[in-house]
Amino acid sequence: MTQPTGASTSVELTIATPEGVLFRLPLAGPASRLYAMLVDIVIVLGTVNGIGLLGYVIFAKVPGFGFMVITLAEFAIGFAYGALLEGFWNGQTIGKRLFHLRVIDQAGLPLRIEQAWVRNLMRVFDALPFAYLMGGISVLSSPLMQRFGDRVAGTLVVRQTPLAVPAEESWMRQKYNSFQEYPTIAVHLRREATPELAGLIQDALRRRNELAPYARREIYRELAKYLQSEISPFPDELVERLSDEQYLINSSGILFGDQRPS
Amino acid sequence: MILNLERFQVQARPRWTSLESLLGALESRPDRRLNPAEAQQLQELYAQTATDLNRVTHGALAPELRQYLERLVARAYAELYYAPPTRSEIWQPRRWLRIFRAFPETFRRQSRYFALAVLVTVLGCALGGLAVRYDPASVDVLLPADYLRNPGQRVHEEEQGQGEHRNSAQTEAAFSAQLIRHNIQVALLAAALGVTFGIGTALLLFENGIMLGAVAVRYTQQGFGLFMTAWLLPHGVFEIPSILIAGQAGFYLARLLLHRREDRNVRQSMRDWLVLVAGLAMMLVWAGIMEAFFSQHHAPVLPYEFKVAVAVAELALLTIYLLLTGRRETGAKAR
């Protein structure tokens with residue numbers, strides 16, 4: 001039902017729902033998890049020291065009992081912080097929320113309270129022999145980037161950056177498209193271009209400002225040349241008047257936009 | 001066929017927005033229960049959005065839109081297929097008190113792993129005891145601490161009240177907290193070492209057994225058997241079983257990991273591990289209190305016979321608790 005897929009930049013978990021829909025969840029890498037953990041450690045230490053100071057004042061007359069209460073409270077907070085927050089706050093601790101991470105069940109569902117406790121209690125093993133070495137080795141060797149606690153509890157940590165509906169692209173909104181004057185060739189372009197090729201054109205246009213001028217010129221030239229020679233030979237007198245970029249903008253207008261060849 | 005993205009987005013955007021706002025409302029609700037109208041709406045919107053996702057995945061290369069739809073479908077999927085416990089129920093104290101019954105029930109249900117833990121520890125005890133008995137030189141290796149090697153001096157110090165732990169309630173309280181923390185850490189480690197397929201758990205129990213056997217034989221050899229019994233048993237009758245239960249949890253975890261696919265009810269099995277750990281932690285709190293406040297007092301303040309009698313009473317209560325609590329209900333359920 002679930003299987004990890006590797007990509008160049010990140011590892012993803014693909015989940016197939018009973019309805020036959022596939023969706024991917026980006027898994028969190030060790031670095032962001034480490035940062036989130038450091039934030040959590042600072043928070044726990046802050047809380048514990050705060051309680052310690054408070055206890056010191058309250059139990060000033062009976063320091064031994066004060067020490068007892070503080071020691072046990074610290075110990076309990078160390079484990080309960082992660083377990084309770086993850087269990088009741090949608091799989092996030094404060095550190096995880098800051099770094100847009102979330103713990104979920106392996107099947108893509110929210111994690112259960114038992115799972116939150118198990119994965120946090122298992123930290124005693126993942127932290128061995130020092131500095132979470134065991135957990136780190138486990139994350140790097142696991143296809144789902146799970147530490148041992150995650151493997152036992154059946155959970156994983158996903159990246160969850162907030163997303164909005166992507167805005168329309170400016171290049172999609174051009175009014176006039178000279179390619180529409182050659183409907184036969186335009187229809188041919190629509191029919192012959194594979195989704196991969198169409199995506200490539202779209203991507204090249206979208207990343208216009210990320211590309212170095214030289215690289216952009218080269219890529220646009222290659223793409224336009226390929227389209228012109230292999231797929232949609234528009235008349236030379238038209239093509240000569242267009243830059244490579246305009247050629248691609250027109251093509252993507254034909255491919256994606258409402259400018260259907262009439 | 002390449003999708004006409006522009007027209008498609010204009011048509012579909014309203015349903016994405018309404019799914020998003022429905023999900024936002026559900027996720028912020030603590031118990032996450034749906035009423036029938038919401039459930040139907042969620043189901044419909046989920047199906048439509050999933051179809052949209054399929055069309056975008058196969059009909060266009062629009063990575064951002066695809067990511068957005070995937071996120072939306074993932075969230076809706078999670079809400080539809082997740083059967084949450086009601087959170088208001090979780091906060092009822094009576095639910096938490098169930099642990100006192102669940103612990104002995106789980107202990108009995110998984111008793112064969114307890115037997116395995118006992119076996120490993122007894123083997124360790126035998127090895128440690130025999131080594132000290134027949135090879136006095138091994139004492140230096142097995143018992144690193146001086147007070148364990150030379151009980152005579154320690155017993156004298158303890159009886160004179162010159163031991164490390166003076167009889168002040170203050171220091172005793174501090175000492176008990178340290179003991180509780182340390183013991184729970186060790187026990188939790190034994191339970192977690194189950195992920196090494198039980199090998200780590202077995203080694204830890206075995207080593208513990210060797211120490212126990214060696215100390216027992218050493219003290220008895222030198223004629224301090226009664227002192228040692230009175231010194232160790234009042235807390236040992238809780239401490240030793242709790243380490244054994246930690247071993248039980250560890251072996252149980254190992255078995256769980258080895259046979260994960262057969263085990264359909266992972267949730268119940270994980271709960272069993274948690275209940276064992278929670279139960280042994282409670283036992284160790286008691287053991288820590290006894291060790292600091294009671295065990296460290298020796299004759300003539302507390303006669304040894306009295307301490308041993310207390311230990312025996314504790315053990316009897318613990319046995320009754322572990323073997324009998326909830327038995328009738330479990331039996332009735334089974335029938």
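Ala224(A) counts as buried because 21 C-beta neighbours sit inside 10 Å of it. The cut-offs behind that label are simple: with C-beta atoms placed from the backbone, a residue is buried if 20 or more other C-beta atoms lie within 10 Å of its own, exposed if 12 or fewer do, and partly exposed in between. All of this comes from a predicted model, where local features need pLDDT of at least 70, side-chain atom pairs count only at pLDDT 80 or more, and totals for chains, interfaces and linings use all residues. As for the labels, residues are numbered from 1 along each chain as its sequence is written, while chains are lettered from A and ligands numbered from 1 in the order in which they are written.

Ala224(A) has its place in helix H10 of chain A, residues 213-231. (Helices are DSSP runs of H or I with at least four residues, strands are runs of E with at least two, and both are numbered from the N terminus.) Leaving out residues up to four places away in sequence, Ala224(A) touches Asp244(A), Tyr247(A) and Leu248(A); here, contact means that the C-beta atoms, placed from the backbone, lie within 7 Å. Tyr247(A) is 23 residues from Ala224(A) in sequence, yet the C-alpha atoms of the two are 6.5 Å apart in space.

Tyr56(A) belongs to helix H1 of chain A, residues 30-58. Tyr56(A) counts as partly exposed because it has 13 C-beta neighbours inside 10 Å. Ten residues along the sequence from Tyr56(A) comes Gly66(A), and 6.5 Å separate their C-alpha atoms.

Zooming out, chain A splits into domain 1 (2-159) and domain 2 (170-256), with bounds that come from an automatic or database domain assignment. Taken over C-alpha atoms, the centres of these two domains of chain A are 48 Å apart.

Chain B, for its part, has 16 helices and zero strands. It runs to 335 residues, of which 38% count as buried. Among the contacts in chain B with a separation of 6 or more, 82% join residues 24 or more positions apart.

Where the chains meet, 48 residues of chain A and 52 residues of chain B take part in the contact. Several elements of chain A give two or more residues to its side, including strand E3 (22-26), helix H9 (195-206) and helix H12 (244-256). H2(A) gives the most, with eight residues. By class, the chain A side has 30 nonpolar, ten polar and eight charged residues, where Ala, Val, Leu, Ile, Met, Phe, Trp, Tyr, Cys and Pro count as nonpolar, Asp, Glu, Lys and Arg as charged, and the others, Gly among them, as polar.

Technical notes. Two residues are in contact if their C-beta atoms, placed from the backbone, lie within 7 Å.
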